[in-house]
Amino acid sequence: FLLPKSFTLKWDFRYKSPYISAQERRDGYFYSNIALKKGFKENMWMATLAFSNIFNSRKYTKISAGEGFYTEKDIIIVPYASLKISYSFDNQK
C-alpha cells in the first residue's frame, strides 16, 4: 500500500488452533484486525482507528466435560471499531 506521509497501516491475520486438554476442548478459528494510524504536530499527537475481527469469523465452541458434568458454549466475538487519541510527552516515541 502507498500511504501518505505520517500514516501507518497494520493488518494482521491470526489463527488459534484447536485446543484439547483432560477436561476441555475448543474449536480452531481465525480472525483479522486492521488499524490506521496518523501522526499530527510532528507525531506528538497520534490518532488510531482500529477495526477488530473484520471478517466476523471469531466464533468457536468450547466444551468442558468430566465425571458428572458437561457444558458446551458457543462463543461469538462480534466485530467492533475503536478510536484512540494519544499524546507523547517529552518527545518520547
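This is a predicted model: local features need pLDDT of at least 70, side-chain atom pairs count only at pLDDT 80 or more; totals for chains, interfaces and linings use all residues.
**Close-up 1. The salt bridge of D12 and R14.** Here the side chains of D12 and R14 come together at 3.6 Å, N to O. D12 is buried, with 15% relative accessibility, whereas R14 is partly exposed at 41%. The count for the model comes to two salt bridges.

**Close-up 2. F13 and F55, ring to ring.** A search of the whole structure turns up six aromatic pairs. In one of them, the ring centres of F13 and F55 lie 6.4 Å apart with the planes at 15°, so this pair is stacked. F13 sits in strand β1 (residues 7-16) and F55 in the loop between β5 (45-52) and β6, 42 residues apart. F13 is exposed at 54%, while F55 is partly exposed at 46%.

**Close-up 3. W45 meets Y87.** The ring centres of W45 and Y87 are 4.8 Å apart and their planes stand at 55°, so the pair is tilted. W45 lies in strand β5 and Y87 in strand β8 (residues 80-87), 42 residues apart.

**Close-up 4. Charges over rings.** R26 lies over the face of Y60, 5.9 Å from the ring centre. K38 lies over the face of F40, at 4.8 Å from the ring centre.

Note on methods: Residues are numbered from 1 along each chain as its sequence is written. Side-chain values use heavy atoms; hydrogens and water are left out. A salt bridge is a side-chain nitrogen of Lys or Arg within 4 Å of a carboxyl oxygen of Asp or Glu. Buried means under 20% relative accessible area, exposed over 50%, partly exposed in between (1.4 Å probe, protein chains only). Rings of Phe, Tyr and Trp (its six-membered ring) pair if their centres lie within 6.5 Å; planes under 30 degrees apart count as stacked, over 60 as edge-to-face and the rest as tilted. Helices (H or I, at least four residues) and strands (E, at least two) are DSSP runs, numbered from the N terminus. A charge sits over a ring if NZ of Lys or CZ of Arg is within 6 Å of the ring centre and within 35 degrees of the ring normal.
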